[in-house]
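Please look over the sequence and the model before reading on.

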Amino acid sequence: MCPLHLKWESDTKRPMKTKREKIGKVAEDVGQGYRTAVAFGWPDEGESRRLKRAGRLLAVSDLLWIAQAGLISWALGSLPGMFLAADDSLVAESDLTAAALQAAAGIALVALLRVFLQNRAETIARQTARAIQSRARGDLLSVAATRSPSAEFPSSGAFAAHVTEQVDLLGPYYRNFEPQKLRLRLVPLGIVAATALFSWLGALILVVCGPLIPVFMALIGLRAKAASERQQEELVRLSGSLLDRIKGLETLTLFGAIERTQQQIGDAGERFRTGTMRVLKIAFLSSTVLELVSALGIAFCAVYVGFSLLGEIQVGTWGGPLTFAQGLFILLLAPEFFAPLRAYAAAYHDRAGGLAARERLATLFPAEDNPRPRPIGADGFEKAGTHQLSSPPAIEFRSVCISHQQRDVFKDFSLAIEPAETLLLEGPSGSGKTTLIDGILGFQEPDSGEILVEEVPASALAAVLRRKVIWLGQSPRLFHGSLRANLLKAVETPAAVPEDDLWQALQLAGAETLVQRLPRGLETPLGEDGFGLSVGEIRRVALARAAMRKDAVLLLADEPTASLDEETAADVINGLRTLCNGRTAIIATHDKGLRQIASRRIDLKSLGAVAGGRAFA
Amino acid sequence: MKSVWHIIRTQHRYDSFHFWLGIFVALLPAAAGLLLLGVSGWFITAAAIAGLSGAFLNIFAPSALIRAFAIIRTAGRYGERVLTHDATFRFLTGFRNRLFASMAHRTSDGRRSGLLLNRLTLDIAVLDTVYLRLVVPLVLALVVAVSLLLIWSSISPLLLVTGAVFISAWGCLAVWTFVRSDTKNARRTDAALDAMRLRAADLAAGRRDLAIYGGLEAAAETVLAAESRLAEAQEAEDLRTSKLTAGSTLLGQVFLAAILLVCLLEVGRGTLTAALAVGLILVVMGLPEIFSMSLPGLAKLPRVALAAGRVMGLMKDRAEAGSAGDRASGKRAVTAATGVLAFEDVSFGYPGAARRVLEGLSFYVAQGEILALAGRSGCGKSTVAALAARLRSPGQGRIVLGGVDTGRIPDAELRRKITVIGQKAYLFNDTVAENLRIANPDASDADLWRALEQAALADRISENPEGLQTILGEGGLGLSGGEQRRLALARAFLTRPVLFVLDEITEGLDAATAGDVLDRFLSYRGDAAVLMIAHRRQELERANRVLDLTAPRGGVNPSPETILSEFQ
């Protein structure tokens, strides 16, 4: 509601080197080495042009006020003279009515044009801002979709907040603030020029008052601005802390700490209020200065015009005394000189939000520790093209080296896995079990050496492979949607799946009774991360989801029984036994219980993998 | 719309003095601004006439007025901003407090999606602006409109009619926005925003799963589908706002043209002096600014109404929960003592579930005893823990603590008597000390270190330079699953209850850690009774008795003996 700050600089001259490509282009690039620093939420050239155009239209609409002010002054101009020639009042009245009618019609016509231009400007700015936002979201998502799942990634909460709220902040910035810049540059100039037509002194008053504003505001506003931004952050923290307490309500209830917490929330709110008001009292001064100077400017104009009309001042015009019409015209224009300044200051808040958001978006994705731009040879793709993976594949690691953050995970590692065998990978945490599975899935490119599936580099085959694999992780993730939708994620043509298949899969995972117990059975909606299910239940559903993939030729499981109670673990092992049948299966585990279903077992530590001994709690 | 009204009333009730003070102070600059324009117009016209005719003009009174209005306008703006913001912040504090209180009474349905809670933050942020953007500008417009109509009526009927037509046109615009507010579209916007947030979170957290099941690109597509629905809904909303603004601007300009015409006619007829006419015309120039102040607030009304509805929904449930609490504090029925805790023929089913989780369950925990509850996952063990801790209330039967029905024990007393250690210890985004003092606000730093020591977490915390002042939780020190469990243990080590309820405290821990956690707990518990929800052998081994919930229960009303089995 209030323009808090005003700062004078042209801040949006963006560096040309951060020019953005379209979504598809980013995706293409990412397929090779992953892009690390991607700028999100910048306008492209056309969009910058459109925003400028919106600003120009706004300025033209503002400047049309000059015409309207002229009409008003013209219509009213004869008023004072009329009373001197009282005898001719009848003639004057008809003249007056005619002039009034013409002026009123003229003002209304120009008004239509002004409203049309304003509306047009707003529409252009709005749609352009929306396009920039949509593109920013598209870019964020295409990076998210193409970044390797084993690469570092922001937390789900942070990512969701960036995609929604941070991108939202860009909208007001581009739409409200950007067009104001051009308006601020053009309108005051036009007003000064129009004023100068009749009085150079009037123009001079405006020219002197205009630049005074930023000077005064800078004096008062700069420190207040920083303080008020801190206070903004404080407000965000305040709501964050309320949310935090609500999330932890159960803990608070159990310790009988509800009333105490309520007291704390009240105190924090009160502290925030007094602190904020202290800051705002200073911050509002800067907008008060804006008001004051513009009021002074208008008052000076009024005084000058008033005394000229009284005949006490004779200077300031281009010869001849100032007429009433001219004086009125100058006075009508003066407020419009300051209007763009005020609009600029009002939109300044949007600028701060938008720029901060753009910065946060740019630093969302952590830089990849070692991007591996290893183009897969055309040869590899050629071989991959013919493969449909219709039978259990043979997998081979040939002198593979992989390192993570300067630590060798695999060094000259070789391993051959026969078709349809069930291989158990053992070894301590950090010995590379997960990395090995990631290598087969193409999540992880070897630094040197080759990972071959049916004699084809794994990464070239990744697309086919990922459709033909049963994968079970140690912390599987279920998604928003019904249980049925979650299960059907595993199949490519969900419509063609008979109901029986779903129940078979659930039975295999020992999840039948679990589903029967749920309020709406298979249609029960799950929240994020299987919300509403216990850890063990999520694992059962994940196993059922894996079992839906009947045409899989490969099974990869990463600690499938970790942190499960004995009964669930036994059910998972039984399920895996069935699923391994007729597939090449690789199971990474600590659990000795899984040895019963393996046809071979290897300890990674003894096989050339370099165990760095990084243990996880 | 009722809920918006409710929010306004709540704010008014909360602090009606500041509520009206803000509005009153907001009136000053608006009125001063209009008068400033009017007097200036009058003054220069009078000056021109005086200049031409050589008549005497008292320039001191009007110029003093102009000065006064300019000062009132500038100072009033300042005062208005300070006071309306202050009123808003006052309300905000009270409102958040009430909201928390009402949420606190609804923990019984403890399942709440963390991400959807974020919607609540947005809702509150929307409601914060109701006073500033809706109440103040609307009252302002109303007062200005009425005063102007009164002034015009004292000058000439034609002026009054013209003014009334345009002011009622503005009124119609506002009413039209109000009546034809597009609630459906607001709902669509909110739904699309939620969908986008949830899907983006799913995509980020489940990238590995999605890469194999369903595909990452497909998941990204679904987020973008939500985004295009959002863009569509927002565009519709913006289009309305933009129409509204255009309509209001046009109205203002046409009004100016009309008033020019009317004033000149009146001057011609001699009913109006030239100076007054110019003054009146200039006043009309200042009107659009005042009337358009409420437009953004009005255009956002449907979304504000939705937000208010959601928040008031949370508040309303509080009343119901509160009445249940009152009932609980009624008279106490004391029964024969059957140990520290006893379940008597307890049945429980989750609302909407086809099958009940517990059916006629009876058991007791004796003084100093460790009773382990065993059974496959999903058999209702955790439900037993939630019932014992009164996080849920039984559908049938009674739960008795120290001879008193738990439903009748005041909350503070119950919480002192029972300490629950759960699977998931919530880490508040606060210091270690504050996280621990939730369990006991009077604990000294030495107590906290001792508890941390006993939970084997002291080393981990003292590693950090800030020690007990280290911030935990989101954006702070992240503790691993095992460490979180230990923090929960440390919290429990600051209490001295008669009964501990352990809800699978070793879940997700490896055998060595689990054993350590259990032993540390047992050495602390003293002679308190323990109800342990167990899922691994280590836990069962440490129990005095084991109750297997999946064991066949025979008839409808099994006696405790039939379902208890000694653990060898």
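## Spans in chain B

In this predicted model, residues 130-152 of chain B are 100% helix and 0% strand, and their end C-alpha atoms lie 32 Å apart. Residues 250-268 of chain B are likewise 100% helix and 0% strand, with 27 Å between the end C-alpha atoms.

## Nonpolar cores

The largest nonpolar core has 343 residues. Within this core, Ala544(A) and Leu260(B) have the most contacts. Leaving aside neighbours within four places in sequence, Ala544(A) is in contact with residues of chain A: Leu487(A), Ala505(A), Leu506(A), Leu508(A), Ala509(A) and Ala511(A).

## A sheet in chain B

Chain B has an open sheet of four strands in the order β2-β1-β4-β5, with antiparallel pairing. Strands β2 (358-365) and β5 (404-405) of chain B each have a single partner strand, so they stand at the edges and one side of each has no neighbour in the sheet.

The pairing of β4(B), residues 396-401, with β5(B) is antiparallel and rests on two bridges. Here Val400(B) stands opposite Asp405(B), which belongs to β5(B). Helix α12 of chain B, residues 381-388, lies across β1 (341-348), β2 and β4 of that chain. The helix runs at about 120 degrees to β1(B).

## Positive phi values in chain A

Which phi value does Ser399(A) have? Phi of Ser399(A) is near 45 degrees, which is positive although the residue is not glycine. Ser399(A) is in strand β1 of chain A, residues 395-404. Ser399(A) has 14 other C-beta atoms within 10 Å and is therefore partly exposed.

Glu455(A), also a residue other than glycine, has a positive phi near 70 degrees. Glu455(A) is placed in the loop that joins β4 (448-453) and β5 (456-457) of chain A. Is Glu455(A) buried or exposed? Glu455(A) is exposed, because 12 other C-beta atoms lie within 10 Å and a residue with 12 or fewer counts as exposed.

Conventions:
Residues numbered from 1 in each chain as written. Chains lettered and ligands numbered in written order. Predicted model: local features only at pLDDT ≥ 70, side-chain atom pairs only at ≥ 80, totals over all residues. Core = buried A, V, L, I, M, F, W, Y, C linked by C-beta atoms within 7 Å. Buried ≥ 20, exposed ≤ 12 C-beta atoms within 10 Å, placed from the backbone. Contact = placed C-beta atoms within 7 Å. Pairing = 2+ DSSP bridges. Axes fitted to C-alpha atoms, helices over the stretch in contact; angles between N-to-C directions.
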